[in-house]
Amino acid sequence: ASDEYAFVRVEGDGVHEIAVGPVHAGTIEPGHFRFSVVGEKVLRLEVRLGFAHKGIENRAGGLDLAAGAKLIARTSGDSAAAYAWAYAMAVEAVTGTSPSPRALALRGLLLERERIANHVGDIGGIANDAGFAFGASQCSRLKENLLRANARVWGHRYPLDAIVPGGVRDDVDADTTRALLADFAALEVELLRLREIYDNHAGLQDRFIGAGTVSPELAAKLGIVGLAARASGQTQDWRRALPVAPYTAAAIAPIVRSAGDVAARVAVRFDETLASIGLCRSWLATLPDGELVAPLGAVRAGALGLGGVEGWRGPVLVAVRLDADARIARCHPHDPSWHNWPVLEHAIMDNIVPDFPLINKSFNLSYSGHDL
């Protein structure tokens, strides 16, 4: 039965509601936004999610480890590498398995390419919502180049099944390494030029600066995570706090801005993209030897395995419990968007309605990762 959802009502002279969604113009999952406004100023936003009920947790029960890997990698498709690695890490914890140094370096490459592709796409999408079509078209082209390279090397634009328990599915040879390094060098040049254009475009900065501000104090109080947290003065990054190979804490420089507005979230994306390019180039230049997939150890029935990595939105956590037959008894994937959707409701307050697409895109949270 479909009962009326009890939205919080805001009353007073001149207050009215604007309903957006749950069906959107883009190819995204459903979400409903209820604005209470006076004129164009937003007094309150309430977000309602959970329309699809995909049933990922229930579906995971009873699957073998390989089928579980395919399912969990699809929790939120733009974070396939992050979910696949977190799941694999959880399984490896339960089975006492250690991937080879080469497999871990290739996992790092996949995760950072995922970060780069999404940050570049968002840098363009945010510009598009500010009316800067040039930025959108250039970033779309750069992201497309990254995704096509993924398809050539890993067989899929979004490498859904490239990371598996015990290691990785595919290797890179010398020719592929040279091609990827050349692509990174060209991308770096274009990003530096684009950043200069963004920073010196008065109209763009006028829309960015001061829009959707989340102060460091509010960010800490609400428990914001990921790139949005780092744009609001929070230093958290699991790659530094909980480093696993090929990451080392010393290799991940803290990237933090304190303004907490759209401009800060764009700046963090630029900074992190350039830093990720540097990481990928260093790993490709010094790929260690080792087997692609290590055999899994014996299953400890009932043991709980946890895996977590810093995805492009923020920390992605997967918890797995196996039964005596090496099948999944319970699996819970946890998306950083769970923590940040409530923050968006605060970020839009006192902004105007036309700025909502811009502010929303600067967070770019996952409906799919929330709706398990």
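In the predicted model, helix H4 covers residues 101–129, and its 29 residues should span 42 Å at 1.5 Å a residue; the end C-alpha atoms of H4 are 42 Å apart, which agrees with that expectation. H4 is mostly covered, with 26 of its 29 residues buried. Just after this helix, glycine 131 adopts a positive phi of about 85 degrees.

Histidine 119 is one of the residues of H4. Its relative accessibility is 0%, and histidine 119 therefore counts as buried, the cut-off for a buried residue being under 20%. When neighbours within four places in sequence are left aside, histidine 119 is in contact with Leu227, Arg269, Glu272, Thr273 and Trp312. Proline 216 lies 97 residues from histidine 119 along the chain, and the C-alpha atoms of the two are separated by 22 Å.

The buried residues of H6 are Thr176, Thr177, Leu180, Phe184, Leu187, Leu191, Leu194, Arg195 and Tyr198. These buried residues pack against H4, helix H5 (133–154), helix H7 (202–208) and helix H11 (262–285).

The protein chain as a whole contains 13 helices and 8 strands. Its radius of gyration is 21 Å, close to the 21 Å given by the globule rule for 372 residues, so the chain is as compact as a globular protein of that length. Along the principal axes, the C-alpha atoms fill a box of roughly 65 × 55 × 35 Å. Of the 372 residues, 52% are buried. The accessible surface comes to about 15,500 Å², and carbon and sulfur atoms account for 54% of this area. The chain carries 37 positive and 43 negative charges, whose mean positions are 3 Å apart.

Among contacts that join residues at least 6 apart in sequence, 70% link residues at least 24 apart. Threonine 97, in the loop between helix H3 (80–95) and H4, provides an example: the C-alpha atoms of threonine 97 and alanine 294 are separated by 7.2 Å, although the two residues are 197 apart along the chain. Beyond its neighbours within four places in sequence, threonine 97 is in contact with Glu92, Gly166, Ala294, Pro295, Leu296 and Gly297. At 9% relative accessibility, threonine 97 counts as buried.

Most residues other than glycine have a negative phi, and most peptide bonds are trans. The peptide bond from glycine 21 to proline 22, however, is cis, with omega near 10 degrees; proline 22 is located in the loop between strand E1 (15–20) and strand E2 (32–38). A cis peptide bond also joins alanine 245 and proline 246, where omega is about 10 degrees. Proline 246 is placed in the loop between helix H10 (238–241) and H11.

Positive phi values also occur in residues other than glycine. Alanine 326 has a phi near 65 degrees and lies in the loop between strand E7 (315–322) and strand E8 (328–334). With a relative accessibility of 26%, alanine 326 counts as partly exposed. For asparagine 364, phi is near 45 degrees; this residue is found in the segment after helix H13 (356–363). Asparagine 364 counts as buried, because its relative accessibility is 18%.

Key: Residues numbered from 1 in each chain as written. Predicted model: local features only at pLDDT ≥ 70, side-chain atom pairs only at ≥ 80, totals over all residues. Heavy atoms only, no water. Helix = DSSP H or I, 4+ residues; strand = E, 2+ residues; numbered from the N terminus. Rg over C-alpha atoms; globule rule 2.2 N^0.38 Å. Buried < 20%, exposed > 50% of the residue type's maximum accessible area, 1.4 Å probe, protein only. Contact = heavy atoms within 4.5 Å. Areas by Shrake-Rupley, 256 points an atom, 1.4 Å probe, with all protein chains shown as cover. Lys, Arg positive; Asp, Glu negative; His and termini not counted. Charge placed at Lys NZ, Arg CZ, Asp CG, Glu CD. Expected span 1.5 Å × (residues − 1).
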